[in-house]
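Have a look at the sequence and structure first.

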Amino acid sequence: MEAGGLEWLLVPVQQLVSWGAAGAMVFGGVVPYIPQYRHIRRTQNAEGFSTYVCLVLLVANILRILFWFGRRFESPLLWQSIIMIITMLLMLKLCTEVRVSNELNVKRRSFADFDLNYFWHWSKFTDYVQCVLTFTGVTGYITYLWLDSSLFVETLGFLAVFTEAMLGIPQLYRNYQNRSTEGMSVKMVLMWTSGDTFKTVYFILNQAPFQFSICGLLQVFVDMAILLQVYLYSNYPQKPVSYTAHPASTKAL
């Protein structure tokens with residue numbers, strides 16, 4: 001009788017834990033960007049944040065959604081991708097508005113110019129939306145044609161998670177260029193690290209496709225490298241690397 005009563009109690013507790021873990025997967029990925037968003041909005045300065053982070057996450061999550069059509073995985077991971085795409089578009093909108101307002105007498109650039117020198121450095125948020133829709137349309141059409149190929153589907157899944165694993169690389173490189181982490185939210189990186197660790201464990205425990213677990217571990221290593229930069233540049237300040245750059249690269253890409 002006692003064992004039966006205990007089992008009756010454990011079942012709803014396990015269900016609540018499962019729901020909590022699923023909720024953390026869906027919304028946990030966007031939490032790190034809240035302090036960075038607030039920092040940019042408060043200071044009206046987006047120099048310390050690389051919008052290539054947004055590019056990486058948009059590409060990764062669009063590919064992950066397409067991968068879902070070829071190989072169904074847990075719905076929380078699918079919803080996580082949808083929420084992340086919306087969040088990255090909001091980040092792009094804010095960064096673009098702030099950057100353009102701080103750039104006086106600078107020629108406006110658009111996606112329709114097809115100028116690779118100014119790729120992902122356009123003057124209007126709508127240009128980023130056009131680029132994202134174009135990428136989604138092209139990759140979606142290719143996926144539709146090759147959906148019956150298991151090799152294509154598995155490659156698509158690998159590209160999705162590998163691209164996401166490279167998330168921290170733009171920020172890592174920007175910090176290296178500046179020889180500083182000023183303007184970057186350390187809270188954001190700490191949340192990246194904790195979130196990526198949780199996510200990787202979740203992948204392993206729930207037997208997600210192997211690509212997810214491998215690239216999750218890679219993400220954790222990149223996060224740790226950025227935290228190492230925070231320590232080194234805070235305790236051992238260095239002069240920025242002097243290099244000849246295109247005018248666009250001096251801004252918050």
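What volume does the largest cavity have? It comes to about 40 Å³.

## Ground rules

This is a predicted model, where local features need pLDDT of at least 70, side-chain atom pairs count only at pLDDT 80 or more, and totals for chains, interfaces and linings use all residues. Residues are numbered from 1 along each chain as its sequence is written, and side-chain values use heavy atoms, with hydrogens and water left out.

## The cavity

A cavity here is a set of points on a 1 Å grid over the protein atoms alone where a 1.4 Å probe fits but cannot get out, and lining residues have an atom within 4 Å of a point. Searching the whole structure turns up 1 cavity of 30 Å³ or more.

Among the residues lining the largest cavity are R64, V161, E164 and K199. Helix 9 gives the largest share of that lining, 4 residues, while helix 6, helix 8 and helix 9 each supply at least two. Helices are DSSP runs of H or I, at least four residues, numbered from the N terminus.

## Helix 6

Helix 6 covers residues 150-165.

Conventions:
The expected span of a helix is 1.5 Å times one less than its number of residues. On a 1 Å grid over the protein atoms alone, a cavity is a set of points where a 1.4 Å probe fits but cannot get out, and a pocket is an open set with protein on both sides within 12 Å along at least five of seven lines; lining residues have an atom within 4 Å of a point. Grid points are joined across faces, edges and corners, and a volume is the space filled by probe spheres set on the points.
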